[in-house]
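Here is a short report on charged side chains that pair up. Look at the sequence and the model, then read on.

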Amino acid sequence: MNDTVDKLVIFLAKRDGIDKLVKTFQYVSKLVNWHVETTYPDIATRAKQWEVASGLSRKAFRTGRSLTGFNALRRSPGTSPGFRLLAVLANSGEMVYFFFDHFLWLARIGVIDPKYAKRMSFISAFGESVGYVFFVISDFILITRGLKAERRLLIEEKDSKETEGEIKKIRMDRIMRLMGVAANIADLIIAIAEIEPNPFCNHTVTLGISGLVSAWAGWYRNWPS
């Protein structure tokens with residue numbers, strides 16, 4: 001059986017794994033910068049540099065990620081017309097997000113004219129928010145189905161290892177989907193802060209906590225069992 005170090009190595013070997021670690025750095029440094037900005041300006045400056053570097057690194061790691069949504073639609077579009085529609089809307093939003101995020105990264109590092117950064121950021125965030133909304137809807141539908149299936153198994157009262165295994169599988173799936181919902185809602189708040197700036201979503205604490213919720217929910221989902 002793998003110990004914690006083995007699992008950490010496996011986790012960090014994944015693109016999603018290293019992304020969640022660097023995302024943690026990004027939003028911890030954002031909160032540190034906010035907390036010490038007036039009292040320790042030198043530390044705040046360093047934290048801000050760490051935040052910016054982490055954000056740019058994550059964008060580099062996501063190169064080609066727009067193909068993930070396309071491949072998901074190509075390989076597993078859904079089990080019913082309703083789910084196929086949700087899958088198309090969710091994955092299309094995600095593809096727009098990652099595709100224009102590549103150009104945002106290039107604008108931020110100066111490869112293309114930086115004046116395009118704001119426009120690329122808006123388009124990317126808009127696609128991201130659309131994707132998250134439909135991913136959350138899909139997860140809630142599947143969670144509801146899982147609850148009904150679990151209730152049906154419990155009513156039948158079949159005391160067998162097969163039934164216990166099925167219930168355990170349903171509950172584990174529900175936990176993973178709830179983690180996905182938490183991450184998507186947290187990232188949706190961050191996207192809204194870009195699309196429609198407002199005092200709540202754009203507050204540093206809101207952004208910092210949202211980023212950490214998303215990172216740690218993703219960490220849980222990607223951690224090797």
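Which side chains meet in a salt bridge with R65 at 3.1 Å, N to O? The partner is D16. R65 sits in the loop between α3 (41-61) and α4 (66-75), and D16 sits in helix α2 (residues 15-36), so the bridge ties together parts that are 49 residues apart in sequence. R65 is buried, because its relative accessibility is 16% and buried means under 20%. D16 is partly exposed at 24%.

This is a predicted model. It holds 15 salt bridges. Opposite charges can pair when the charged atoms of the side chains come close.

| Pair | Distance (N to O) |
|---|---|
| R65 and D16 | 3.1 Å |
| E51 and K30 | 2.9 Å |
| E150 and R171 | 2.7 Å |

Take E51 and K30, whose side chains form a salt bridge. E51 belongs to helix α3 and K30 to helix α2, so this pair links distant parts of the chain, 21 residues apart. E51 is buried, with a relative accessible area of 8%. K30 is buried too, at 14%.

Now take E150 and R171, which also meet in a salt bridge. E150 lies in helix α6 (residues 117-156) and R171 in helix α7 (residues 161-195). The two are 21 residues apart. E150 is buried at 7% relative accessibility. R171 is partly exposed at 39%.

Salt bridges can also join into a network. Here one links D19, K20, R58, K59, R62 and D101.

Technical notes:
Residues numbered from 1 in each chain as written. Predicted model: local features only at pLDDT ≥ 70, side-chain atom pairs only at ≥ 80, totals over all residues. Heavy atoms only, no water. Salt bridge = Lys/Arg side-chain N within 4 Å of Asp/Glu carboxyl O. Helix = DSSP H or I, 4+ residues; strand = E, 2+ residues; numbered from the N terminus. Buried < 20%, exposed > 50% of the residue type's maximum accessible area, 1.4 Å probe, protein only.
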